[in-house]
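Biologist: I have a structure to read and would like to learn how to go about it. Could we take the features one at a time?

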Amino acid sequence: MPLSSKTIVITSGRSGSNLLIQSLNKHPQLNLTGEILNLKPEAIPPVPREILTSIVGPLPKTRHKNDNYHVPVTYLERLLEEFDGFKMLYYELNPQFVEYLKSRPDIKIVHLIRQNALECCVSKIFASATKVYHIKAGTQHDCGSITISAKDLDRKMKKHVRGVRQYSDLFGNPYCVFYEDLVSSWDETMKDLQVFMGLEPKTLPMVSNKVIQRPLHHVVKNYQELHQHFAGTEFEKFFKSQILHL
């Protein structure tokens with residue numbers, strides 16, 4: 001039975017959105033697509049990439065974030081004709097897109113939030129360094145270890161926290177799914193989300209595994225130095241987490 005509504009997942013990078021979309025697609029009623037404006041066009045799924053090319057012309061090997069400000073709302077309209085929804089990272093949401101999504105009463109906004117800014121930003125740094133972004137469920141991966149600049153980490157964490165607040169405010173009161181709840185209470189969190197989406201709840205599998213599978217202080221060489229640097233700041237609480245989940 002066709003759904004009477006569409007679902008858009010907005011989120012930051014390294015917050016479990018691929019896991020969420022791929023797992024939701026195991027539901028027999030759903031046909032969602034992934035990131036629709038990736039800066040590397042080969043990472044955009046085939047159908048969205050074809051639609052985007054037909055609207056804006058040939059895509060370069062690498063796009064710039066500012067390019068997304070010139071993509072017309074027509075792109076979203078055509079995607080919503082093909083799919084039940086998709087995900088959008090914060091930088092993909094130009095002002096026209098935001099107003100269009102807010103104007104459609106049949107569109108449900110899901111805000112996927114990773115509350116631990118430290119884990120999210122370290123995950124981004126590791127993914128960028130290793131080029132390993134996802135691994136299949138049941139597999140193992142030794143990501144190695146890395147030294148992280150306190151200045152760079154501070155900038156990234158401030159940006160993450162600011163983005164979460166900004167996009168929650170933009171959409172008023174979106175339905176929030178917390179990454180940490182997916183990790184700790186997968187079945188319950190996924191069933192609640194399916195109810196919100198207007199689906200008959202199913203038990204859906206977790207289709208990918210944690211990329212970083214060791215305690216945070218084992219994979220960040222200068223963990224203690226960073227912990228001391230952020231002592232007494234708004235970010236100190238994030239160092240209490242013992243393992244980086246993705």
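This is a predicted model: local features need pLDDT of at least 70, side-chain atom pairs count only at pLDDT 80 or more; totals for chains, interfaces and linings use all residues.

Biologist: How many helices and strands are in the protein?

Modeller: The protein has ten helices and seven strands.

Biologist: What share of the 246 residues is buried?

Modeller: Buried residues account for 49% of the 246. As for the surface, the protein exposes about 12200 Å², and 51% of that comes from carbon and sulfur atoms.

Biologist: Among contacts between residues at least 6 apart in sequence, what part joins residues at least 24 apart?

Modeller: That part is 76%.

Biologist: Let us go on to charges. How many salt bridges does a search of the whole structure find?

Modeller: The general idea is that side chains of opposite charge can pair when their charged atoms come close. In this structure the search finds eight salt bridges.

Biologist: Which residue forms a salt bridge with K102?

Modeller: The partner of K102 is E99, with 3.9 Å between the closest N and O atoms. The cut-off is 4 Å, so this pair counts as a salt bridge. Both residues belong to helix α4, which covers residues 95–103, and they are three residues apart, about one turn of the helix. K102 is partly exposed at 45% relative accessibility, and E99 is partly exposed at 49%.

Biologist: Where do R155 and D152 lie?

Modeller: R155 and D152 are in helix α6 (residues 150–170), three residues apart, or about one turn of the helix. Their side chains meet in a salt bridge of 2.6 Å, N to O. R155 has a relative accessible area of 48% and is partly exposed; D152, at 24%, is partly exposed too.

Biologist: How many residues apart are K156 and D152 in helix α6?

Modeller: They are four residues apart, which is again about one turn of the helix. The side chains of K156 and D152 form a salt bridge, at 2.9 Å from N to O. K156 counts as partly exposed, with 22% relative accessibility. Through shared partners, the salt bridges join D152, R155 and K156 into one network.

Biologist: Which residues gather in a patch of negative charge on the surface?

Modeller: The negative patch is made of E50, E77, E81 and E82. Helix α3, residues 74–82, gives the most to the patch, with three residues. E77 is found in that helix. Patch members need over 30% relative accessible area and no salt bridge.

Biologist: How many of the eight residues of α1 are buried?

Modeller: Six of the eight are buried, and α1 is mostly covered. The buried residues in α1 are S17, L19, L20, I21, S23 and L24.

Biologist: What does S23 touch, not counting residues up to four places away in sequence?

Modeller: S23 touches W186, M190, L204, P205, M206 and V207. S23 is found in helix α1, residues 17–24. S23 counts as buried because its relative accessibility is 0%.

Biologist: Is R14 buried or exposed?

Modeller: R14 is buried, because its relative accessibility is 11% and buried means under 20%.

Terms used
Residues are numbered from 1 along each chain as its sequence is written. Side-chain values use heavy atoms; hydrogens and water are left out. Patches are made of residues with over 30% relative accessible area and no salt bridge: like charges are joined within 9 Å, nonpolar side chains (Val, Leu, Ile, Met, Phe, Trp, Tyr) within 5 Å. Accessible areas come from the Shrake-Rupley method with a 1.4 Å probe; for residues, only the protein chains shown count as cover. Lys and Arg count as positive and Asp and Glu as negative; His and the chain ends are not counted. The place of a charge is taken as NZ of Lys, CZ of Arg, CG of Asp or CD of Glu. Helices (H or I, at least four residues) and strands (E, at least two) are DSSP runs, numbered from the N terminus. Buried means under 20% relative accessible area, exposed over 50%, partly exposed in between (1.4 Å probe, protein chains only). Contact means heavy atoms within 4.5 Å.
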